[in-house]
Every structure is written in structure tokens, then in C-alpha cells.
Amino acid sequence: MTTIESIQQSISDELQQLNDHIRQALASPNALMNQVVDNYLRTKGKQIRPILVILSARLYGPVTPKVIAAAAAVELLHNASLIHDDVVDESKMRRGFPTINKIWDNHIAVLVGDFFVSTALQLAISTGDPRIIASLASLGKLLSLGEIDQIYNARRHCRDEEAYFNVIDRKTASLFISCVEMGAYAAGAKEGTFEPLRSFAKLLGECFQIKDDIFDYLGDDKEIGKPTGNDLREGKITLPLLSALNDPSLPQADEMNELSKKEELSAEEIDRLIQFARASGGIDYAYATMGRLREEAADYLNNIAGGSDTRDQLAAIFDYIIARDH
């Protein structure tokens with residue numbers, strides 16, 4: 001059975017090149033910046049995004065230094081967005097470790113995030129491929145727009161599932177699409193030859209965000225890495241609760257809809273909404289949605305040219321994202 005660990009092992013040389021490249025790109029003459037960066041790089045996570053870049057490149061050609069630079073660029077932009085998110089959300093922990101804003105302060109964290117963005121752009125430029133540069137630049141805009149969309153929908157008390165998917169397509173799926181685009185471009189693929197791969201990546205990103213949203217209603221804070229109910233504290237209604245609020249057959253639907261529109265929710269009210277989502281089948285609905293996305297993604301995988309081993313690895317990443325516990 002293909003696992004995320006076996007995928008990492010199969011491309012261990014490429015991942016080592018990636019991490020060396022990132023470390024070298026982030027080196028600076030400033031001792032404080034180097035200290036912050038060194039501390040941050042100790043918590044790499046699973047590196048799903050650069051893995052997608054590398055696997056996508058393998059479908060169309062060898063993994064060259066250009067591929068590694070593209071993977072490093074998208075990983076740094078992704079991490080920049082996480083650093084800035086931690087500031088906005090006042091998060092103190094990520095991946096089980098204290099955040100930059102917790103160890104130092106918000107001022108340092110914002111500057112480090114900006115440093116990551118600039119370095120990501122430099123790495124994209126180093127590939128010499130305008131398509132890679134354009135993909136990364138477009139990604140930065142979409143990530144920001146997705147977050148703004150989510151805030152806007154929260155303030156309007158939008159309860160539309162289509163609007164929810166529009167948000168996660170920008171704030172999350174766009175990142176996965178950019179990963180496969182940049183990998184394909186770096187390997188020399190021509191525009192228009194990898195649309196099934198783009199479609200697969202979009203579904204993968206949607207699934208990733210839905211699973212993240214499920215964590216807000218289930219689990220232990222220490223295991224997940226963020227407080228349960230955190231999205232509700234920020235007024236964000238995601239798929240598990242959204243599906244329940246939109247079911248008129250549920251006797252509490254109207255009451256819970258009104259409660260969810262409050263500007264500030266108490267801990268008790270957040271717990272009531274979480275319990276309503278759980279009891280009303282919202283978690284099951286979210287899992288069923290992920291299952292549907294997985295089936296659609298499998299169809300796209302079958303239409304992707306390239307090695308069957310790499311397609312199996314892409315399918316395994318989809319399964320990992322559904323099964324992950326943090």
C-alpha cells in the first residue's frame with residue numbers, strides 16, 4: 001500500500017535538495033532573521049505542496065533544478081501565508097510548536113512572512129519560466145482574495161454552499177492547482193496538456209480544506225494544533241455546520257441559524273453549535289462530500305498521462321488527506 005511515508009522515501013533525494021535550496025535561499029546577513037528562520041525550518045510538516053510539484057514534474061519529465069526551485073518557491077509562499085495567518089488569528093501554536101509571533105512578536109512575524117514572500121518570488125524568477133512566475137503571482141492574489149471572501153461572507157451571514165466552495169477554491173484549492181502547474185511547467189509540459197491534473201488538484205485542495213474544517217468540530221486541541229471551535233469564534237460557518245443550518249427539516253435549524261449570526265459567541269454558544277452540527281449529521285455530510293470528491297478525482301487521474309506509479313502516489317495523497325488526524 002502506498003503511504004505518505006513511502007512517497008517521501010521514494011523522493012527523499014529530491015526533498016533533501018528542496019530543503020537545502022530553501023535554507024540557502026533564506027540565508028541572510030541578519031543574525032536575528034537567521035535565528036528565526038532556523039527555528040522555523042525545524043518544523044517542516046509533511047511538505048505536501050512541494051511533493052505535489054515534484055510528482056507532477058515526474059509525469060512529464062525528470063526532476064531538474066528548475067523543478068526544485070519551483071517547489072521551493074511555492075513552499076515558501078505557502079509558509080508565508082501561514083506565518084501571516086498566525087498573526088491575524090493570534091495563534092500561539094502550529095504543528096505542535098510555538099509560532100513566530102509567540103516566540104518573538106507580531107512585528108517580527110510579519111517581516112519574516114514578507115521575507116518569505118520575496119524569497120519565493122526570487123526563486124520563481126530563477127526558473128526563467130514566465131509561466132511559473134505568473135502561477136506564483138496569481139496564487140498570492142487568490143489566497144488573499146479567498147480570505148477576504150470568507151470574512152465578507154461571515155459578516156453577511158452567508159449560508160450558501162456554493163459560496164463556501166468559491167471561498168475554499170481560492171484560499172486552498174488554488175495552492176494545490178499552482179503546485180501541479182508549476183511542476184508541469186518546470187518539467188517542460190505544454191499549456192493545455194495537463195487539464196486533468198489541474199482538475200485533480202482542485203478537488204484535492206477542496207478536500208484538504210473540508211477536512212481542516214471538520215477538525216473545528218471534532219478532536220482534541222493538542223492533536224489538531226488549533227482550538228476546537230476557532231472558526232466559529234471568527235464567525236466562519238464551514239461545511240459541517242453549514243449543511244445542518246441549511247436543512248429545514250431539522251427542528252433546531254431556525255434557532256441555530258439565528259444563534260450563528262451573533263457578532264460574538266460565548267464558549268457555551270459555540271459548543272451548542274458544534275453539538276448541533278454533530279447531532280444533525282453535519283460531520284457525516286462533510287465526509288460524504290470528501291468521498292464524492294475522491295471519486296471525481298479518481299476519474300481525472302485515469303486521464304492523466306505519465307507513469308502509473310506516480311498516479312498511484314497522487315491517489316495515495318488524496319487518501320492521506322482524508323484520513324489525516326491533524
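## Confidence in the model

The protein chain has an average pLDDT of 93, and 97% of the residues score at least 70; pLDDT is the predictor's confidence in each residue, from 0 to 100. Residues 221-225 fall below 50, and this stretch has 11 contacts in the model beyond near neighbours in sequence (contact means heavy atoms within 4.5 Å).

This is a predicted model, where local features need pLDDT of at least 70 and side-chain atom pairs count only at pLDDT 80 or more, while totals for chains, interfaces and linings use all residues. Residues are numbered from 1 along each chain as its sequence is written, and side-chain values use heavy atoms, with hydrogens and water left out.

## Two helices side by side

Take a look at H8 (residues 130-156) and H9 (residues 161-186): their axes are 8 Å apart, and they pack at an angle of about 170 degrees. Helices here are DSSP runs (H or I, at least four residues), numbered from the N terminus. Axes are lines fitted to C-alpha atoms over the stretch in contact, and angles run from 0 to 180 degrees between N-to-C directions. H8 and H9 are therefore roughly antiparallel, a label for angles over 145 degrees.

## A cavity

The largest cavity has a volume of about 140 Å³. H8 and H9 each supply at least two residues of its lining.

How values were computed: Parallel < 35°, antiparallel > 145°, perpendicular 65-115°, else oblique. 1 Å grid on protein atoms, 1.4 Å probe; cavity = no way out; pocket = protein on both sides within 12 Å on 5 of 7 lines; lining within 4 Å. Points joined across faces, edges and corners; volume = space filled by probe spheres on them.
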